[in-house]
Structure formats: C-alpha cells, structure tokens
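Please open the model in your viewer and follow the stops below in order, selecting each group as it is named.

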Amino acid sequence: MPNQPTRARTGVMTPDGFYGRHAQTQGGAAGLGLPLLLRAAAALHLNGTPLQLADLGCAQGTNALVPMGALIDALRARGTQPVSVVHTDLPTNDWATLFHVLETDPRSYLRHHADVYASVVGRSFYERLFPPDSLSIAWTSSALHWLSRVPGTIPDHFFVHRSADRAARDAYRRQSESDWTTFLGHRCQELRPSAGLVWVDVLRRDDDTMGAEALFDCLESALRAARDAGTITAGEYATMVYPTWFRSLGEFRAPFTPHFMGPSGATLQLEELEPVELPDPFLESWRISGDADAYGRAQAAFLQGFLEPSFQDALKTRPPEIARGILTSLFSDTARRIAQDPPAVSPRYHLVRGRVTRVA
Ligand SMILES: C[S@@+](CC[C@H](N)C(=O)[O-])C[C@H]1O[C@@H](n2cnc3c(N)ncnc32)[C@H](O)[C@@H]1O
C-alpha cells in the first residue's frame with residue numbers, strides 16, 4: 001500500500017501521552033514561574049467581567065495544571081468571576097491526551113474550582129489567537145524557543161547552538177529575532193490593559209552555554225553512528241534538526257526600547273527578566289539506586305518526548321514502520337551512551353523567567 005501523506009509534525013511533542021510522562025524537566029521549569037504568575041495576578045485590574053487565561057504551547061497539559069491552579073487560586077482570592085482557561089498549541093498537538101489529563105489528573109484545576117471552563121485553540125502562537133483586549137493573563141513555559149518554521153538543514157549537529165556552521169546559526173538567529181517580535185505583537189493586542197504575560201524558557205548564557213550540552217551530544221553521537229552505519233542517509237541526518245533558538249538575555253530584551261509597542265499602538269512593559277538554574281530531576285534517583293541504565297532511559301525518553309516528531313518528518317519518505325524502527329534504535333543507542341557516565345552528562349539547565357504587563 002502506498003504511504004499516506006501525513007501532516008508535518010515538526011514542533012509538536014511525541015503523542016499518546018509520551019511527552020507528558022517524560023516531561024519532569026519541563027515540569028520543574030514551569031514551577032519556577034509561579035512567583036511571577038502570582039505577581040501578574042496581583043497587578044491585574046479586576047472589573048467584574050469573566051477572566052480569560054491562556055496557556056500557550058500547552059502540549060498534553062500535564063505541566064499546566066499546577067501553574068493554572070495557582071493562578072486561579074490567586075485570582076479567586078480577589079473575586080469570584082468565572083474563569084476561562086484556553087490551552088493553545090499547534091493543530092497536530094496530542095489534544096486527546098490534553099482533554100484526558102484535564103478531566104482525570106488529580107491536580108487538574110477543573111477538579112478544584114467551580115465556574116472554571118477549559119477550551120483549546122489549535123493554532124500557532126505566531127498568529128493571532130484571541131480578540132483584542134480579551135486576555136487577563138497569558139502563560140507559556142518551555143515553548144518560546146520553538147521557531148515558527150525550520151530555517152534550514154544543519155550539516156554538523158541536530159542542535160544549532162552546537163553547530164560550527166555560520167550560515168545555519170545566522171538563519172536560526174534571524175528567525176528567532178523575527179518570531180519574538182511577532183509573538184509580542186500578537187500578545188500586545190490580545191492582552192487587556194494591566195494584563196500580564198509570564199514565561200519560563202531556556203536561556204543561552206553569555207558563554208554560549210545552556211547547560212545540557214553533554215546530554216545533547218550523546219544524541220548527536222547516536223545520530224552520527226546511524227549515519228556512518230548507513231541506517232540514515234547524509235541528507236536525512238542534516239534534516240534531523242531541533243528547530244529552536246535558545247535566546248540570550250539580550251535577545252529577550254531587544255524588542256523593549258524601553259517599552260515594546262505593537263502594531264495597534266498597545267504597549268508592553270518588561271517588568272522582570274531573571275536567569276534561573278534548574279537541576280537535573282533524574283540524577284537523585286541514580287544516586288540512590290546506582291541504576292545507570294534507568295538513568296539513561298529516563299534522559300533518552302525526555303529527549304525523545306520533544307524531538308521524535310521533528311525527526312520523524314526528516315524520515316517522511318520511509319515507510320512508517322521503518323522510520324519507527326530507526327527512531328527506536330536511535331533513542332536506545334542514546335540511552336546506552338548516557339548510561340555510560342551519568343554524572344558526566346547530567347545537565348544543569350540555564351533558564352529564564354520573565355513577565356511583561358500591558359501598560360497602554
Ligand atoms: C517542550 S513543550 C512544552 C509544553 C508545556 N508548556 C510544558 O511546560 O510541558 C513545547 C510546546 O510548544 C508547542 N509549540 C511549538 N511551536 C509552537 C507554535 N508555533 N505555536 C504553538 N505552540 C507551539 C509544541 O507543540 C509543544 O507542545
């Protein structure tokens with residue numbers, strides 16, 4: 001049977017709940033944004049109308065439950081308005097898991113609050129998602145580094161910040177600059193005056209590091225081994241990329257001069273931008289158990305959770321079961337490489353948390 005055409009899934013997470021089951025790292029990152037969310041809730045002028053919260057780049061919802069719950073608690077302490085929570089992501093996101101998580105996870109805000117309504121939007125956050133002046137608070141965690149499109153192949157590493165290819169780095173940097181401005185432009189129109197946008201994302205420090213280089217290099221070694229063994233072609237290797245750009249503090253700040261003015265004249269003020277560190281959530285289990293294979297599997301599943309659909313797109317000319325087999329071997333080989341020396345590859349993530357308010 002000929003292969004059915006499939007919709008590109010670059011950028012979405014590994015489906016059937018896989019991402020959510022292996023996203024403890026991103027869960028830890030989201031937790032770092034809670035104090036900023038509470039400050040955004042305190043800064044919002046309440047006018048008695050229903051509140052609208054947005055979770056931008058929600059994936060399977062697992063890591064949104066605690067921040068959205070904390071935000072609703074804080075807002076409810078100030079008033080009893082109905083609250084609408086809109087989870088947004090790309091159209092090919094694993095929405096079925098999201099709905100299941102919202103209904104069944106004991107941490108779900110739907111279980112703890114009355115008069116709260118969940119809905120979704122399947123559209124890129126580089127587009128307009130909401131009517132003008134309608135959002136009370138927008139939240140996004142571990143999502144802003146994803147670019148609106150793949151800027152191109154990378155000849156020597158799946159992760160552009162580990163590449164020596166100047167042209168590739170320039171293309172990704174340019175895309176990131178324009179995406180950040182586009183993102184802020186849309187949110188600027190959607191937030192109502194006094195409303196806030198809070199984010200937690202990866203950070204590239206001044207020394208050009210982000211803290212997980214050794215871990216990412218284990219996957220890169222497995223990719224090169226697959227290419228050298230002829231399991232994947234040189235063309236497929238160069239197309240298997242992580243279409244992201246990890247911004248520096250300066251790149252996050254750049255559109256604020258000192259304020260950011262959107263196309264409609266609405267203005268955002270940068271209230272907070274702070275580097276934070278996140279330790280490896282899997283290392284402690286390894287210290288207790290000494291089970292290096294389990295550590296390798298946990299880290300490889302974390303990588304697979306956010307990379308597999310993008311890598312799958314690079315194998316789209318292969319029959320699906322062959323592509324699946326290639327990716328299974330790739331992540332097993334990665335797990336084996338990680339297990340060789342857990343402390344040597346263990347990441348310490350550099351992250352950033354930020355908050356803006358619409359001031360005019
Ligand atoms: C690493 S996950 C983070 C998910 C979740 N916020 C968390 O903290 O676990 C990144 C999410 O951003 C989404 N994403 C990537 N590009 C996007 C875009 N242009 N518009 C909306 N969502 C996007 C992905 O589909 C994915 O669900």
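Begin with the ligand, around which there are 22 residues, with Gly57, Ala59, Asn63, Ala143 and Trp146 coming nearest (a residue is near a molecule if its C-beta atom, placed from the backbone, lies within 6 Å of it). Coloured by class, this shell shows 12 nonpolar, nine polar and one charged residues, where Ala, Val, Leu, Ile, Met, Phe, Trp, Tyr, Cys and Pro count as nonpolar, Asp, Glu, Lys and Arg as charged, and the others, Gly among them, as polar.

Before moving on, note that this is a predicted model, in which local features need pLDDT of at least 70 and side-chain atom pairs count only at pLDDT 80 or more, while totals for chains, interfaces and linings use all residues. Residues are numbered from 1 along each chain as its sequence is written.

Next select strand β1 (residues 51-56) and strand β4 (residues 135-141), which run parallel and are joined by three bridges; strands are DSSP runs of E with at least two residues, numbered from the N terminus, as helices are runs of H or I with at least four. Within this pair, Asp55 stands opposite Trp139 of β4.

Technical notes
Pairing = 2+ DSSP bridges.
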